[in-house]
Amino acid sequence: MAGSRIKLELSRVVQGESRLGVLKGLGRTGQHCLEVPGCLLYSHLGTVPHLTQDTLHTLKNIPAVTQVTLSSVAEHQEVLQEFKGGFKKFAGLHDTVVYCSLHDPAALCPPGYTTNKTVSVWGSGGRIELTVAKFMAIQKTIQPDWYQSMADGETWQSNTSRKRLRKSVDRTLAHLDECLTIHQNSQDLQGVEVFGVVEGGDILEERARSARETAKRPVAGFCLDGFQTGSMDQTLRTQLIKAIAKELPEDKPRLLQGVGRPDEVLACVEAGVDLFEGFFPFQVTERGCALSFSFDISLDPERAVLELNDDETCRAGEGQPNGEVTDGDQTQMTSFEINLKDKRYHDDFRPLVEGCGCYCCVNHQRAYLHHLLVTNELLAGVLLMIHNTAHYIGFFSTLREALANDKLDLLKRRQVILIATSFSVTVTPDGFESA
Amino acid sequence: MASLAQRKTLCVASPLTLRIVAECPVTKARACDLILPHSAVSTPVFMPVGTQGTLKGITVDQLDGLGCQICLGNTYHLGMRPGPDLIEKANGLHGFMNWKKNLLTDSGGFQMVSLVELSEVNEEGVKFKSPYDGKEILLSPEKSISIQNSLGSDIMMQLDDVVSSTVTGPRVEEAMHRSIRWLDRCIAANKNPDKQNLFAIIQGGLNADLRKACLDEMTQRNVPGFAIGGLSGGEEKDDFWRMVTLSTDHLPREKPRYLMGVGYAVDLVVCVALGCDMFDCVFPTRTARFGSALVPWGSLQVKHKQYAKDFQPIDPDCPCPTCKRHSRAYLHALFKSDTSAMHHITIHNIAYQLTLMRSVRQSIVDGRFPEFIRSFMKQMFPSPDQYPSWAVDALASVNVTLE
């Protein structure tokens with residue numbers, strides 16, 4: 001691991017914190033790059049949920065990095081060992097960088113199974129307990145381009161004690177050292193990068209210590225763990241991330257785990273985060289919803305505000321039935337999406353999002369998606385996943401554009417108004433919305 | 001029954017042309033170009049079933065990419081949800097699902113009898129209770145055609161009085177005669193004879209005399225095509241093929257023949273030899289979702305443990321997108337993680353069916369269909385003593401002997 005090949009070239013740092021740049025030298029031959037702030041391509045065992053290569057490649061600007069979770073691969077270790085060619089080849093992924101994370105950000109991981117020497121992951125066949133030795137043996141068979149080092153991330157619950165938090169930081173550092181030792185002696189893992197994991201829950205000093213200590217190790221980048229949606233409010237999250245960022249070198253990427261909601265993404269970019277896991281579009285898809293939030297920043301500011309108002313009046317008219325943004329439950333609908341199962345879309349012949357260029361919006365109408373959802377047809381998941389992924393990729397692209405052109409405020413205001421509107425809509429028992 | 005005068009006025013040129021490209025000199029097989037309103041269809045053809053206006057997880061572009069020229073929609077399901085009015089507003093089923101090639105819709109009668117409890121048939125139509133709101137609904141021949149007119153399919157099926165193929169006795173005869181009367185009502189009810197083809201359905205159960213009587217009557221009607229119905233419902237295969245071959249013997253050469261509900265590879269090849277042009281079946285797509293992949297030697301259960309470490313494609317000779325990229329082992333693993341595993345097998349199975357029918361057609365065109373049958377059977381069964389006797393007999397009846 002003599003000097004990592006991954007290079008973060010920053011073109012702009014706004015207000016000392018938000019970073020715009022390109023992550024270069026990705027992949028074992030170093031030919032891939034990823035613009036930051038950006039998101040990874042979320043997958044189930046290397047496959048974007050519901051999609052085949054044909055349907056995936058209807059998308060433009062697909063992120064160059066696919067996230068594979070150890071939790072889904074671990075049970076296939078024996079198979080991969082016999083296959084020998086690594087996970088990428090096994091999964092038929094020819095042209096993507098593979099990043100292996102420990103857990104699936106869209107799946108709950110029951111607490112209470114972590115020990116000094118082990119962490120547990122849940123696959124389709126149940127729990128698998130991992131020591132560092134086992135964790136590294138699996139990495140050798142996966143042969144990812146980069147992976148998250150083993151970590152004790154069981155500290156996201158708000159009532160976790162200071163003692164437990166300190167222990168998680170210590171254990172995670174010990175796991176990292178052990179991972180690095182095995183890594184450096186492994187022929188199979190030559191050219192593979194390791195991301196260290198920053199723990200420490202909601203305690204600032206522990207967060208800073210975790211970051212400082214991890215940064216001393218030869219890692220290519222950092223995973224910020226324990227910040228997932230529902231674990232803390234954004235003010236605290238911002239505060240902690242800013243404190244962590246101060247301890248981390250400027251030239252290495254920071255990947256935030258478990259956060260995907262657009263408003264939270266914006267706030268975390270402002271705090272200094274570069275990369276996000278791309279699981280949010282999948283969660284939206286699973287509840288039969290379509291991302292519909294507007295992120296157009298091409299208008300001049302004054303007109304944009306007017307247009308925003310129009311937009312919101314119209315949105316309020318559509319009346320989001322859920323209104324509330326519930327922090328605790330990631331399966332709850334957010335104000336960034338429309339619920340296509342709703343009866344009002346029964347005869348709505350518009351595309352999901354007017355002007356959207358994705359395969360779903362170019363070819364199909366809300367009424368058709370509504371029909372597919374109420375009849376439980378598999379194509380609903382396929383088309384929604386295509387649209388939601390396209391919309392999310394577009395959001396990140398606009399986010400970078402906003403950073404480059406000093407328009408981040410405008411983009412943020414769109415989100416703020418959106419959320420304010422949705423909060424003001426409540427649903428009365430008979431199903432009619434009232435403001 | 002429609003009067004002769006009435007029938008005459010309905011003799012508009014149908015929106016269908018059948019060009020016979022080649023006829024097998026040995027069997028009754030033929031290769032045709034069937035020109036329908038939305039595109040030409042090369043027959044013999046297998047038509048995948050897209051029950052609710054979608055083909056089980058496959059996009060219309062993927063289906064088109066596999067070379068599919070015609071697929072099915074189900075009138076019963078679509079009539080219930082989202083309903084004919086909405087589909088009409090969406091420019092028919094083509095517009096609603098955005099499918100540019102041809103569509104065939106069934107009459108809805110079969111589902112009513114097979115899916116809905118408490119359905120009751122009388123001369124007026126089929127009476128049943130909606131499973132969605134419990135309302136009593138009457139599906140008459142007029143209603144079926146009216147829904148199919150809203151769906152705008154290229155081929156509509158008459159409402160027939162469906163009786164299980166294992167039933168015998170006077171009920172079969174009653175159903176046959178009623179199906180003829182209903183055919184006349186369907187013909188009279190068709191609002192779009194210039195855009196939508198209405199096919200008659202030959203009934204008569206497993207009784208040769210009844211079948212023959214039905215054929216005699218129905219072939220006198222001016223319909224653009226015929227279906228052979230009331231089979232593929234659990235009857236003995238020996239009865240099945242005899243009814244098929246009897247039907248094709250009496251159907252006019254210049255009109256397409258559609259054998260309903262048939263989709264197993266062996267059945268397809270044999271029934272092409274018996275003179276059928278069109279087939280449909282839910283089997284290839286349904287079985288795919290359970291992990292069963294169709295291959296020239298039968299099927300392969302991807303979810304079985306024996307494939308966990310099998311790094312070959314499902315069928316090394318298959319050119320489908322699934323076989324080009326993925327191994328049995330990966331698909332086996334993916335079945336535990338994501339629904340896309342089903343889509344991969346569905347794509348493969350549709351590709352298998354369509355490729356099989358293209359090869360059948362090519363061999364007819366090249367004048368080597370009997371040889372094709374022999375090598376097909378050899379591949380499908382480990383040894384000749386495993387050939388099903390009905391298939392051997394059926395093929396012998398059209399002069400093909402299997403060694």
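**Figure 1. His94(B) in helix H5 of chain B.** His94(B) is buried in this predicted model, because its relative accessible area is 9% (buried is under 20%, exposed over 50%, and partly exposed in between, with a 1.4 Å probe and protein chains only). The residue belongs to helix H5, residues 92–97 of chain B; helices (H or I, at least four residues) and strands (E, at least two) are DSSP runs numbered from the N terminus. Beyond its neighbours within four places in sequence, His94(B) contacts His38(B), Trp99(B), Lys101(B), Asn102(B), Leu103(B), Leu151(B), Gly152(B), Ser153(B) and Asp154(B), where a contact means heavy atoms within 4.5 Å. The model is predicted, with local features requiring pLDDT of at least 70 and side-chain atom pairs counting only at pLDDT 80 or more, while totals for chains, interfaces and linings use all residues. Residues are numbered from 1 along each chain as its sequence is written, chains are lettered from A and ligands numbered from 1 in the order in which they are written, and side-chain values use heavy atoms, with hydrogens and water left out.

**Figure 2. Helix H7 of chain B and the residue that follows.** Helix H7 spans residues 141–151 of chain B and is largely enclosed by the rest of the structure, because 8 of its 11 residues are buried. The buried positions are Pro141(B), Ser144(B), Ile145(B), Ile147(B), Gln148(B), Asn149(B), Ser150(B) and Leu151(B). An α-helix has 3.6 residues a turn, so residues three or four places apart point the same way.

Figure 3. Asp338(B) sits in the loop that runs between helix H14 (328–334) and helix H15 (340–365) of chain B. Is this residue buried or exposed? With a relative accessible area of 8%, Asp338(B) is buried. Leaving aside neighbours within four places in sequence, its contacts are His44(A), Thr47(A), Val48(A), Pro49(A) and His50(A). Within chain B, the side chains of Asp338(B) and Ser340(B) form a polar contact of 2.8 Å. A polar contact is a pair of N or O atoms within 3.5 Å; within protein, one must be able to donate a hydrogen and the other to accept it, and residues adjacent in sequence count only if both atoms are side-chain atoms.

**Figure 4. Thr114(A) in a loop of chain A.** The loop between strand E7 (97–101) and strand E8 (119–123) of chain A holds Thr114(A). Its side chain makes a polar contact of 2.5 Å with the side chain of Glu154(A). Apart from neighbours within four places in sequence, Thr114(A) is in contact with Val119(A), Asp152(A), Glu154(A), Arg164(A) and Arg171(A).

**Figure 5. Val198(A) in strand E11 of chain A.** Val198(A) lies in strand E11, residues 193–198 of chain A. Its relative accessibility is 0%, so Val198(A) counts as buried. Not counting residues up to four places away in sequence, Val198(A) touches Arg207(A), Ser210(A), Ala211(A), Cys223(A), Leu224(A), Asp225(A) and Ile244(A). Ala208(A) is 10 residues from Val198(A) in sequence, with a C-alpha to C-alpha distance of 8.7 Å.

**Figure 6. Leu236(A) in helix H8 of chain A.** Helix H8 covers residues 234–247 of chain A and includes Leu236(A). Leu236(A) counts as partly exposed because its relative accessibility is 25%. Asp202(A) is 34 residues from Leu236(A) in sequence, and their C-alpha atoms are 7.6 Å apart.

**Figure 7. Helix H5 of chain A and its end.** Residues buried in helix H5 (residues 132–142) of chain A are Val132(A), Phe135(A), Met136(A), Ile138(A), Gln139(A), Thr141(A) and Ile142(A). Gln143(A) follows H5(A) and has a positive phi, near 50°.

**Figure 8. The chains around the close-up views.** Chain A contains 15 helices and 18 strands, and 60% of its 435 residues are buried. Chain B contains 17 helices and 16 strands, and 60% of its 403 residues count as buried. In chain A, among contacts with a separation of 6 or more, 69% are between residues 24 or more positions apart.
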